[in-house]
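Dear colleague,

Please find the structure below, together with its sequence. My findings follow directly after it.

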Amino acid sequence: MKTKPQVWIKLRFLFSVSSSFFNHITTTPIPKTRVCPLVAAISSITASINEISAAKSGLLTQIGRTAAATALVNGTLDENLVEEPINSADVFREWGFSDSEIAKIFVHSPSLRQADPDLIQSKLNLLGLLGLTSSDIVKIINYRPKFLCYRIKKCFDERIEFFLELFGSRESLRKAIVRNPSLLIYDLNSKIKPVVELYEGLGVPREDFLSMVSYKPSLFSRTSFNHEKLEYIRRTGVSMKSKMYKYLVVIMGISRLGTTREKVGNLEKFGFSEDEVLELLGHAPVVLTLSIDKVQRNMTYVLGIMKLPARAVLSNPILLTASLENRLKPRYLLAGKIEEMGVAPQIEGPKLFSALKMTEDGFLRNYVTCHPEFISEELMEYYRNVKGLKRLAVDSKKNSHQQCPF
């Protein structure tokens, strides 16, 4: 049995060590450098995290000593004291997040720096049950900065049970959540289940529907149908057994009716009837996703430079869907160069449409590198030059802010 003087000496020793520890914590000034604001923010956060890491073991030791001293006085000392995370960064670190990943999370969602560690821990536990890794969660937060601020616990068990039955496996569900984390946020009974039932009622098989969930993550939030949309689908003449049916139904479902009318009307300006436009959409539903500006630029080039009839588009939608600057224009100009040089094979007639559909490697292999070296080099140099000629302001576009696809 320890006497009170002995206890008092132990307490003085513990608190003297504690005070000396905190006196040694200093703030290291960061030199001012001219760097990108985002890089500077990440670097600053990473530096802070490193300082926390350096102090963590000592600080937790002091907390443990203080708790031990209190327990000693009360006679209830427990040797199995557990060190709890002191902030959200500790929670992320214990889950295997690197310091750079934690820095990115705090840049995209600053509020998580001051979030309750227990709350963050409980949400990560739920995500861990779904097989989500630290890199998965970083990707999710990059797109949805406030993801961990939502009430993902609500109806969690019922939601996961429904999704496991829908997707068939936990791994398929994990991939779907990474692609579209809103699956854990949207209301299950008013948003998700009705959309699933709606597409099943329209004749979209379950497997096709699941592939569309990955193809168009906004499917649950934007789907709406009315009589006019259903009439558009019927008039395309696409059978439910067609491979294009699922794309047509989903794209029509998530498109605004007013936008659909505008895009159909835009194509009618080039001499097509409404029935011809809808037939085109049946062959290539992706045309409905193209902007009015892109369709106008491609059609202008097809009619004005390539001298093709407008109706060529109906049987060759690639004329609309292909990139004007990276595929349509350079490949057409190279076809003219090959004809001018009088070498074979030529890109003429129907071969032009086949050439537009080829991958870049396939196109070069069939029409450029197949020639002797001196001819091949000349064609390649010409192709690179015409491909580098972009329309005004294309190079100045900056994708500094990536929009959330959900």
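The buried residues of helix H8 are covered by, among others, H6 and helix H7 (156-167). Helix H8 spans residues 170-179, and its buried residues are Leu173, Arg174, Ala176, Ile177 and Val178. Here, buried means under 20% relative accessible area, exposed means over 50%, and partly exposed lies in between (1.4 Å probe, protein chains only). Helices (H or I, at least four residues) and strands (E, at least two) are DSSP runs, numbered from the N terminus.

Please note that this is a predicted model, in which local features need pLDDT of at least 70 and side-chain atom pairs count only at pLDDT 80 or more, while totals for chains, interfaces and linings use all residues. Residues are numbered from 1 along each chain as its sequence is written, and side-chain values use heavy atoms, with hydrogens and water left out.

Helix H6 (residues 134-143) also holds Ser135. Ser135 is partly exposed, at a relative accessible area of 35%. Between the C-alpha atoms of Ser135 and Gly96 there are 9.4 Å, although the two are 39 residues apart in sequence.

As for the chain as a whole, the secondary structure consists of 22 helices and 0 strands. Of its 406 residues, 39% count as buried. Contact means heavy atoms within 4.5 Å; among contacts between residues at least 6 apart in sequence, 72% join residues at least 24 apart.

A cavity is a set of points, on a 1 Å grid over the protein atoms alone, where a 1.4 Å probe fits but cannot get out, and lining residues have an atom within 4 Å of a point. Grid points are joined across faces, edges and corners, and a volume is the space filled by probe spheres set on the points. The largest cavity holds about 60 Å³ of space. Helix H14 (257-268), helix H15 (274-283) and helix H16 (292-304) each give two or more residues to its lining, and H14 provides the largest share, with 4 residues.

Yours sincerely

How values were computed:
On a 1 Å grid over the protein atoms alone, a cavity is a set of points where a 1.4 Å probe fits but cannot get out, and a pocket is an open set with protein on both sides within 12 Å along at least five of seven lines; lining residues have an atom within 4 Å of a point.
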